[in-house]
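Hello,

Here is the structure I promised to pass on. Please open it first, then read my notes below.

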Amino acid sequence: MGEIVFKNICKSFGDTKVIENLDLTIKDGEFTVLVGASGCGKTTLLRMIAGIGPATSGELYIDGEEVTDIPPGKRGIAMVFQNYAIYPTMTVRGNIEFGLKNKKIPKSERDRLIADAAEVVGLTPYLNRMPSQLSGGQRQRVALARAMVKTPSVFLLDEPLSNLDAKLRVAMRTELIELHHRLKTTFVYVTHDQTEAMSMADTIILMDGGKIQQMAAPEVIYNDPNNIFTAQFIGTPPMNVHKMRDDVNYIGYRPEKIQIFRDKPTDCTYVRKVKVITREMLGSETLYKLQILSDAENEKEPIMSKSLDMSFAVDEEVYIGVPKEDLYYFDANKMRIRETDMLERLYCTTEGDK
Amino acid sequence: MKKKVNILRKLFPYVMVIPTMILLAVFVFYPLVNMVYLSFFDYNLIKEKTFCGLDNYYRIFFIQTDFRDAFLNTLIYMAGTTFFLLFLGLVFALWLQRDSKFNAIAQRLMFFPNICAGLAISLIFQWLMDDEGLFNMVLGFFDIAPLRWLNDSTTSLLSVMIVAIWKGIGYYALILLSSVKSIPTELIEAADLDDAGKIRTFFKITLPMLSPQLFFLLITLTINSFKVFDSVRLMTGGGPGNSSDVLVYWIYRYSMEYNKYGLACAGGTVLLVILLILTVVYFRVIGKKVHYQ
């Protein structure tokens, strides 16, 4: 049980306003990921939920209860910090036990809870070690066990994987998803890594400049972005976007939707002649950096393409084509244009160079 | 040929430390050994020194009471200044923790006595604690009977201790402040989320995190307070009677003023042994409970 509701929340540090008039509902039991570049306000939101960085104004409800005046320890939440914040003076057991002792849970009960939590994260053999004797991954698990053992209604995670090496990070990602399935509580996870967001989230909240750019399931946010920011933040390499020939609106297409041909294709809506600038082999797929061969100012920026075909060479001149359904249009304010009649009008301006 | 190079290589480090070793030998090791050696002799710089066994030790411990007084006073001085400097240093460090203009100024002011010469401070306090001095004027203003501070055998040692604490507090607060500030804020926040109250957070998180610094200060403070000399020499001269006499001042008097070198060396040896024992005890007992990261 743990639905989180932000109502008209503002936060400023000194004179700098970080978040203005934010309304947001984080659903109970979901794995919600707050994602955005650093300084976008995502950690600020998380710290508000935790109560360690209260909002300047506005109301915050956890599970229907106003929590503005409730201290962090009484909110029924647990948090995993970016650098784990493990108490270095206590053993692993001491770390996990500390919160329980503060809540005056009897010894036998404590021992049972600790044993359970340690078992789940695989720390049982290390309970009597000091944190300094543990590896990064093990410390991460201590932080998780310490949070879990409190059976919180909301689980807050602040970039918990960013200090781990790449391999461990991917492994922990799966473990966190499993943990969420097991605990079935609300998870709020902050990250700047869109891959993490895409792979773990039930709902992604994409933030920029203290504002929510889009809030949706990963597949929706990928396939149906609201604006250029979302379109370019999610997906690697980012969506190719450039101005259209009317010099007002924008057109965009994902690198993986580009088809490359040696002969000019006839069945694609968007066709351009391009020259291959660089080629990066990634194994299963190949990244091409392409330059559109055109004198138009709006198409000077090179575009990226992700293709399964690795046969195109650097400096080769080829054709690219994008089908109608994979083209995205954005207006002068960088917001998505979804109306089809609008699209019809725009077609003529995007038809390939003659 | 190769062997020769190897020998030179092995000798090289020793050659490099020779200058320091010579200085240490002349100014530290020789006097130290000589002091212990002289403590077994009846010697006053002029007449032939005669071996007298443990006679000097017997005299300072069982015949002359002034050594025992000085010894006890030193213990009281040590315990008092160490405790209050650490305690008040910690209190001030916690108080100065928050960054504000007022705290920045307070911190500088607090450190100020530490950069003043001990001589100047002793003289100033001699004036402040004079029978007609400022302290008594203030007491008189509140209709409290004047104290005789340095001139009363019950308060003279206490007065010297007050000055030492006043002078040292800024330094110890500063060191502890820097370690208080080096505690990651997430730890305190995590404790907050773990529902630990302020007091529990202090005793379970803050204090253990400070223990290496506190331990270091405890050792240096103890050793330094055993060596107290200038303030006693200037402010009370060990008096009235022997009420504020301390070990080093006692040694100084017996060597420089009374020319009783044998006795002075016996006193010095006692001081040396005490400091050695203290250091070993500290590292053995307290060192185990100190958390080093």
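A:P237 sits in the loop of chain A between α8 (228-233) and β11 (240-243). The model is predicted. In it, a cis peptide bond links A:T236 to A:P237, with omega at about -15 degrees. Most peptide bonds are trans, and most residues other than glycine have a negative phi.

Two residues have a positive phi without being glycine. One is A:D315, with phi near 80 degrees. A:D315 belongs to the loop between β16 (303-307) and β17 (317-322) of chain A. Its relative accessible area is 52%, so A:D315 is exposed; the cut-off for exposed is over 50%.

The other is B:N259, where phi is about 55 degrees. Look for B:N259 in chain B, in the loop between α11 (247-257) and α12 (261-289).

Next, a helix pair in chain A. The axes of α2 (residues 92-102) and α3 (residues 107-121) come within 10 Å. They cross at roughly 130 degrees. The crossing of α2(A) past α3(A) is right-handed.

Which residues of α2(A) and α3(A) meet? From α2(A) come A:R93, A:I96, A:E97, A:L100 and A:K101. From α3(A) come A:K107, A:R110, A:D111, A:L113 and A:I114. The residues of this contact divide into six charged, four nonpolar and no polar.

Best wishes

Terms used. Residues are numbered from 1 along each chain as its sequence is written. Chains are lettered from A and ligands numbered from 1 in the order in which they are written. This is a predicted model: local features need pLDDT of at least 70, side-chain atom pairs count only at pLDDT 80 or more; totals for chains, interfaces and linings use all residues. Side-chain values use heavy atoms; hydrogens and water are left out. Axes are lines fitted to C-alpha atoms, for helices over the stretch in contact, and angles run from 0 to 180 degrees between N-to-C directions. Helices (H or I, at least four residues) and strands (E, at least two) are DSSP runs, numbered from the N terminus. A crossing is left-handed if the near helix is turned anticlockwise from the far one by less than a right angle, and right-handed if clockwise. Contact means heavy atoms within 4.5 Å. Ala, Val, Leu, Ile, Met, Phe, Trp, Tyr, Cys and Pro count as nonpolar, Asp, Glu, Lys and Arg as charged, and the others, Gly among them, as polar. Buried means under 20% relative accessible area, exposed over 50%, partly exposed in between (1.4 Å probe, protein chains only).
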